[in-house]
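Here are my notes on the model you sent. Please read them with the structure open.

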Amino acid sequence: MLIYRLPLGVSLLNPKRSICPNCNYQLKWYENIPLFSYLFLKGKCSNCSKEISIFYPTVELLTALVTLLLFIKIGLNIEFLITTLLFYILIILSFIDLRYKAVPDYLLIIVFICALFIPHFSFYNALVFAGGFVLLELFVTFYIQNIKSRILKDDSLKTQRAMGEGDIPIAAVIGGLLGIKLGIVAIFLASIFAIIPSLINSFIKKDIETPFIPYLSLGLFAVFVFDENIKNILGGIIQ
């Protein structure tokens, strides 16, 4: 609901119940059960027979998986509730970024505020990562606009930026939660995760913009949940 309504400026309270975005049919309670309703309806609206976007069951399954892994990692306590809320908002941001390639600033602020209440969050490391991303964006954007655009003779690159402004707060959260070394691992993983869709966008869709927040969020989650495994794999490099 949030992924659909927030970017469009639709009220979260009216309509109170979920609706079909195609025919505005208000879903009955049994048509709104995560995953099960999608399977029961065979992926189609019961009123207009329009196919239901695969985004809905994907978000529902992803949310359930994230909750389960965080519960196994942290247990049932206040930290679990705050951390789960943070990753829920990152899921919302990720799917909005995938669809619109722009995200609401207030969600970025909420994510950062949530991170501040998680134990061991380092404000210093958050500032280091945010500053590092700003410098990286400056140099890579200069390269794209002034060098790559001339080499490829592509005028559209002259206004292209390396990263969106929304990437910087997420990078700050990564640094604050994971620390410098694990944070770098998360950024590296995010870059790896983004390579294939980036290549597809470039060569098939001819789209030069690839949203990075989903991959930053995925890198953060992977390292946050499996940090001990990563430390063991990398041995003495990360302490």
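1. What share of the 239 residues of the protein chain counts as buried? The figure is 38%. Keep in mind that this is a predicted model.

2. The fold is helical. The protein chain has nine helices and zero strands. From the N terminus on, the order is α-α-α-α-α-α-α-α-α. Take the contacts in the protein chain with a separation of 6 or more: 61% of them join residues 24 or more positions apart.

3. Now the surface. The accessible surface of the protein chain is about 14,300 Å². Carbon and sulfur atoms account for 67% of that surface.

4. One nonpolar patch on the surface deserves a look. Its members are F188, I192, F193, I195, I196, L199, I200 and L218. Together they have about 720 Å² of accessible area. Helix α7, residues 167-203, gives the most to this patch, with seven residues.

5. I192 is one of the patch residues, and it lies in helix α7.

6. Next, E31. This residue sits in the loop between α1 (2-8) and α2 (36-40). E31 is buried, yet it has no salt bridge. The nearest side chain of opposite charge is K28, 4.9 Å away.

7. What does the side chain of E31 make a polar contact with? The partner is the side chain of Y25, at 3.2 Å. Leaving aside neighbours within four places in sequence, E31 is in contact with Y25, S37, L41 and S46.

How values were computed:
Residues are numbered from 1 along each chain as its sequence is written. This is a predicted model: local features need pLDDT of at least 70, side-chain atom pairs count only at pLDDT 80 or more; totals for chains, interfaces and linings use all residues. Side-chain values use heavy atoms; hydrogens and water are left out. Helices (H or I, at least four residues) and strands (E, at least two) are DSSP runs, numbered from the N terminus. Buried means under 20% relative accessible area, exposed over 50%, partly exposed in between (1.4 Å probe, protein chains only). Lys and Arg count as positive and Asp and Glu as negative; His and the chain ends are not counted. A salt bridge is a side-chain nitrogen of Lys or Arg within 4 Å of a carboxyl oxygen of Asp or Glu. A polar contact is a pair of N or O atoms within 3.5 Å; within protein, one must be able to donate a hydrogen and the other to accept it, and residues adjacent in sequence count only if both atoms are side-chain atoms. Contact means heavy atoms within 4.5 Å. Patches are made of residues with over 30% relative accessible area and no salt bridge: like charges are joined within 9 Å, nonpolar side chains (Val, Leu, Ile, Met, Phe, Trp, Tyr) within 5 Å. Accessible areas come from the Shrake-Rupley method with a 1.4 Å probe; for residues, only the protein chains shown count as cover.
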